[in-house]
Structure formats: C-alpha cells, structure tokens
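Subject: Structure handover

Hello,

Please find the structure below.

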Amino acid sequence: MDHVDRIIAQWNKARPDLDVGPMEIIGRLSRMATKLRSEMDKTWKAHGLNAASFDVLATLRRSGKPDGLSPGELLDLTMVTSGTMTNRIDQLVKRGLVERVPNPEDKRGFLIRLTETGFATIEDAVGDHVETQHHLLRGLSPAEVEDLNKLLKTLDERMNSDSGTNSRE
C-alpha cells in the first residue's frame with residue numbers, strides 16, 4: 001500500500017458515499033510530476049540551466065533555423081507570455097548563451113540565436129536530459145511506455161475538448 005492508497009482508504013472510510021477513484025489517478029500523477037521535475041531539475045542544474053532556460057535553448061536548437069527565431073516564434077513554440085519571454089531572453093543574453101541579431105526579413109525586428117556557447121550547452125544538456133528521462137521510465141517495458149503514452153494523450157485530448165464546459169451543469 002502506497003501513500004495514495006492510504007489516502008483513498010481514509011476517504012473511503014470517512015466518506016463512503018463519494019467515488020474518490022479519480023483522486024487516486026490524479027494524486028499519483030501529481031506526485032510523479034513532482035518527482036519527474038525534481039530529477040530533471042538536477043540534470044538542468046548540472047549544466048547551469050533551469051526549466052525556463054532549457055526550454056528556450058532547446059526550442060532554438062530543435063527549430064532547425066540556425067539564423068534564429070523571432071521573439072514571436074519563440075512565444076508560439078514555448079507558450080509563455082511576452083514579458084516572461086523577454087526576461088528569459090535577457091538572462092540568456094547576459095550569460096552569453098543567446099544573442100539578438102537583426103532580422104533580415106524585418107528591419108525593425110530581431111532574431112534570437114544560439115551563440116557557440118549556447119549551442120554547446122544545449123547539445124550537452126539535451127543528451128543528459130534524454131538520458132534522465134530514459135532512467136525515469138526504466139521500470140516500464142516498451143509496450144507499457146506506449147500504452148501509458150496513448151492513455152495520457154487520450155486524457156489530454158479529452159480534457160482539452162471538454163475545456164470551457166462545466167461537467168456539473
């Protein structure tokens with residue numbers, strides 16, 4: 001019996017009239033998300049990064065655009081606010097990991113591009129990041145990983161299609 005099982009047993013005893021089944025899944029997902037983030041934070045920290053800086057560097061690296069991305073493109077690919085993105089970029093510029101360069105397609109705008117140091121940093125970090133993720137999932141068979149991924153994708157899609165509706169109405 002794990003921590004979540006104990007909580008569910010307590011609720012079943014205290015409120016047998018409630019179906020607390022969803023609490024079991026959501027509780028486990030929440031606990032696992034915390035553990036996953038903690039382990040990934042260790043990997044990012046080993047490279048002098050955090051989740052936010054890794055996100056920007058990884059987005060620039062995987063974009064396939066060596067000349068860089070506009071701030072708007074970065075916003076679209078990372079889903080953060082413009083103020084948050086500006087702060088992230090400013091911090092990465094100060095550290096010499098990215099640079100602002102003129103945008104040849106927009107004389108008033110600029111692109112954000114990895115510096116050589118930034119490129120080397122994300123190359124090392126992403127390799128270790130993927131290794132950490134494999135380590136975290138080591139207890140599952142390839143078929144279990146595939147099944148879990150399908151279930152989580154289905155749940156996400158259904159939650160997104162239900163957003164804006166109130167199931168209690």
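Gly109 sits in strand β2, which covers residues 106-114. Helices (H or I, at least four residues) and strands (E, at least two) are DSSP runs, numbered from the N terminus. Setting aside neighbours within four places in sequence, Gly109 is in contact with Pro102 and Asn103, where contact means heavy atoms within 4.5 Å. Gly109 and Thr154 are 45 residues apart along the chain, and their C-alpha atoms are separated by 40 Å.

Before going further, note that this is a predicted model, in which local features need pLDDT of at least 70, side-chain atom pairs count only at pLDDT 80 or more, and totals for chains, interfaces and linings use all residues. Residues are numbered from 1 along each chain as its sequence is written, and side-chain values use heavy atoms, with hydrogens and water left out.

Next, the helix pairs. Two packed helices are described by the angle between their axes and the distance between the axes. Axes are lines fitted to C-alpha atoms, for helices over the stretch in contact, and angles run from 0 to 180 degrees between N-to-C directions. Angles under 35 degrees count as roughly parallel, over 145 as roughly antiparallel, 65 to 115 as roughly perpendicular and the rest as oblique.

Helix α4 (residues 71-78) and helix α5 (residues 82-94) have axes that come within 10 Å and cross at roughly 110 degrees. The two helices are therefore roughly perpendicular to each other. Leu74, Leu75 and Thr78 of α4 make the contact with Ser82, Met85 and Ile89 of α5. These residues divide into 4 nonpolar, 2 polar and no charged. For these classes, Ala, Val, Leu, Ile, Met, Phe, Trp, Tyr, Cys and Pro count as nonpolar, Asp, Glu, Lys and Arg as charged, and the others, Gly among them, as polar.

α5 also packs against α3: the axes of α3 and α5 come within 10 Å and cross at roughly 85 degrees. This pair is therefore roughly perpendicular as well. On the α3 side the contact is made by Ala52, Ser53, Asp55, Val56 and Leu57, and on the α5 side by Met85, Arg88 and Leu92. By class, there are 5 nonpolar, 1 polar and 2 charged residues in this contact.

α2 and α6 pack at about 150 degrees, with their axes 9 Å apart. That makes α2 roughly antiparallel to α6. In this pair, Leu36, Glu39, Met40, Thr43 and Trp44 of α2 meet Ala125, Asp128, His129, Thr132, Gln133 and Leu136 of α6. The contact has 5 nonpolar, 4 polar and 2 charged residues.

Finally, the pockets. On a 1 Å grid over the protein atoms alone, a pocket is an open set of points where a 1.4 Å probe fits, with protein on both sides within 12 Å along at least five of seven lines, and lining residues have an atom within 4 Å of a point. Grid points are joined across faces, edges and corners, and a volume is the space filled by probe spheres set on the points.

The largest pocket has a volume of about 1,200 Å³. Of its 31 lining residues, Met32, Ala33, Leu36, Leu137 and Leu152 are the closest to its centre. Two or more lining residues come from each of α2 (21-46), α3 (51-62), α6 (116-136) and α7 (142-162), and α2 gives the most, with 12 residues. The lining divides into 16 nonpolar, 4 polar and 11 charged residues.

The second largest pocket holds about 220 Å³ of space. Pro22, Ile25, Ile26, Leu29, Ser30, Leu155 and Met159 line this pocket. α2 supplies the largest share of that lining, 5 residues. By class, the lining has 6 nonpolar, 1 polar and no charged residues.

Regards
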